[in-house]
Amino acid sequence: MDEPALFAAPGAGASDLRALREAAATCTNCHLYRDATQTVFGAGPERATLMLVGEQPGDREDIEGKPFVGPSGRLLDRALNEAGIDRSRVYVTNAVKHFKFVARGKRRIHQTPKADEILACRPWLDGEIAAVRPEVVMALGATAAKALLGPSFRVSKQRGEVVHRDRLRLTATVHPSSILRGPDEQRAVAFADFVDDFAAVAAVLAGPPTPGADS
Ligand code: URA
């Protein structure tokens with residue numbers, strides 16, 4: 001598998017996260033800042049053991065300036081809750097920090113970010129990982145999974161696999177929006193599978209720590 005390099009800054013922490021957040025607020029690394037309302041940086045504790053990485057902020061997130069506060073976020077919260085994971089202890093962020101959309105009348109329709117836009121945002125994500133130093137990073141959906149686990153990673157086949165990289169454990173599940181968009185009759189099963197993926201991560205976190213995780 002192609003393995004994207006992860007930025008590793010030993011000793012990173014709260015002040016680094018604050019500095020990153022401030023710097024990201026004026027990011028012009030790609031064109032997406034022009035139409036978005038604001039940079040939506042990650043949110044959560046500076047020392048979370050679990051980091052969740054989505055694709056990019058949606059319409060609601062763009063307005064509120066926080067990740068996963070819209071419909072996908074509500075589904076995510078329910079799944080975390082059912083898996084016994086307290087969202088307030090999780091650092092939640094996105095591979096891309098600006099909302100990419102096309103305007104259709106009054107609606108803003110989500111557009112999947114391109115590889116160069118994901119790459120332009122990569123320093124922020126790597127910086128967040130280096131500052132928070134989570135034990136497990138879980139990608140939500142294909143965009144984040146490819147960014148973290150490599151372009152050949154297939155969420156449909158490889159969800160739940162745990163890859164050890166440096167001091168991190170990386171894994172992936174589907175994006176909550178795929179459950180919301182999926183057929184009604186499959187939603188309950190898709191949601192139960194989603195919860196199972198989080199329960200598996202909770203079990204990993206409850207097990208022995210990653211070697212060197214806190215060094
Ligand atoms: N979808 C994402 O990938 N991230 C968000 O923050 C909201 C919706």
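A polar contact here is a pair of N or O atoms within 3.5 Å; within protein, one must be able to donate a hydrogen and the other to accept it, and residues adjacent in sequence count only if both atoms are side-chain atoms. Everything below comes from a predicted model, in which local features need pLDDT of at least 70, side-chain atom pairs count only at pLDDT 80 or more, and totals for chains, interfaces and linings use all residues. Residues are numbered from 1 along each chain as its sequence is written, and side-chain values use heavy atoms, with hydrogens and water left out.

View 1. Around the ligand sit G54, E55, Q56, P57, G58, E61, P67, F68, N94 and H175, each with a heavy atom within 4 Å of it. N94 brings a polar side-chain atom to 2.7 Å from a ligand nitrogen. On its own the ligand exposes 240 Å², and the protein buries 94% of that (Shrake-Rupley areas, 1.4 Å probe).

**View 2. Strand β2, covered on both faces.** Strands are DSSP E runs of at least two residues, and helices are H or I runs of at least four, numbered from the N terminus. In β2, 5 of its 5 residues are buried, meaning under 20% relative accessible area (1.4 Å probe, protein chains only). V90, V92 and N94 take one side, with Y91 and T93 on the other. Side chains in a regular strand alternate between the two faces of the sheet. β2 runs parallel to β1 (residues 50–54), joined by 5 bridges (pairing takes at least two DSSP bridges), and V53 stands opposite T93.

**View 3. L52 in the nonpolar core.** Such a core is a set of buried Ala, Val, Leu, Ile, Met, Phe, Trp, Tyr and Cys residues joined through side-chain atoms within 4.5 Å. The largest one has 49 residues, with L52 among those making the most contacts inside it. Helix α4 (residues 115–132) gives the most to this core, with 6 residues. Leaving out residues up to four places away in sequence, L52 touches (heavy atoms within 4.5 Å) L76, L80, Y91, M138 and F198, among others.

**View 4. H98, tucked into a loop.** H98 lies in the loop between β2 (90–94) and β3 (101–104). Why does H98 count as buried? Because its relative accessibility is 7%. Beyond four places in sequence, its contacts include C27, Y33, Q56 and P57.

Terms used. Buried means under 20% relative accessible area, exposed over 50%, partly exposed in between (1.4 Å probe, protein chains only).
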